[in-house]
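Subject: A structure for you to look at

Hi there,

Here is the structure I promised to pass on. Please open it next to this email, and I will walk you through what turned up.

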Amino acid sequence: MTVKECYEHAISFLPEKMEENPDMQKFMVPWCNILLAENFENENFYRTVNEMPEISAPGKVEQPEDEIPYNEKLVKTAFPYGMARWIFRENDDIYASHEYYTLYVTAAKEATPALVSDIEDIYK
């Protein structure tokens, strides 16, 4: 999913179209970079569970056409809610902003696999 596609999904939660609010579009790349930073550990959990190399720093995007470099489930389910929280905030709808933040956190947790490991009993 590209940054622009993610923003389009986020804006679809509002009763307006993307072209109706061109001033807001300038924030899509910075918002995506914040989401990438917030989900850095989630992405590394995903990579560890799927036996992929971990990343050493949060991903970064520079243009609306850039692909978001994290796993598809996380990006498609959580990132639009994460962007929507700021869109509602900019529209002074604090209640909806909080609601979409809750949806974002829940989706991010659900998209992040559990890391299973053995437990060592140190009190034997």
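Let's begin with Asn 71, which sits in the loop that links helix H3 (40-49) to helix H4 (72-77). Keep in mind that you are looking at a predicted model. Is Asn 71 buried or exposed? Its relative accessible area is 6%, and a residue counts as buried under 20%, so Asn 71 is buried.

What does the side chain of Asn 71 reach? It comes to 3.3 Å from the backbone nitrogen of Lys 73, a residue of helix H4 (72-77). Leaving aside residues up to four places away in sequence, Asn 71 touches Glu 43 and Tyr 46. Both of those belong to helix H3 (40-49).

Now zoom out to the whole chain. You will find 6 helices and 0 strands, so from the N terminus on the elements read α-α-α-α-α-α. The C-alpha atoms fill a box of roughly 65 × 30 × 20 Å along the principal axes.

How many of the 124 residues count as buried? The share is 39%. The accessible surface of the chain is about 7,900 Å², and carbon and sulfur atoms account for 50% of that.

Contacts are worth a look too: among those between residues at least 6 apart in sequence, 68% join residues at least 24 apart.

Enjoy exploring, and write back with any questions!

Best wishes

Note on methods: Residues are numbered from 1 along each chain as its sequence is written. This is a predicted model: local features need pLDDT of at least 70, side-chain atom pairs count only at pLDDT 80 or more; totals for chains, interfaces and linings use all residues. Side-chain values use heavy atoms; hydrogens and water are left out. Helices (H or I, at least four residues) and strands (E, at least two) are DSSP runs, numbered from the N terminus. Buried means under 20% relative accessible area, exposed over 50%, partly exposed in between (1.4 Å probe, protein chains only). Contact means heavy atoms within 4.5 Å. Accessible areas come from the Shrake-Rupley method with a 1.4 Å probe; for residues, only the protein chains shown count as cover. A polar contact is a pair of N or O atoms within 3.5 Å; within protein, one must be able to donate a hydrogen and the other to accept it, and residues adjacent in sequence count only if both atoms are side-chain atoms.
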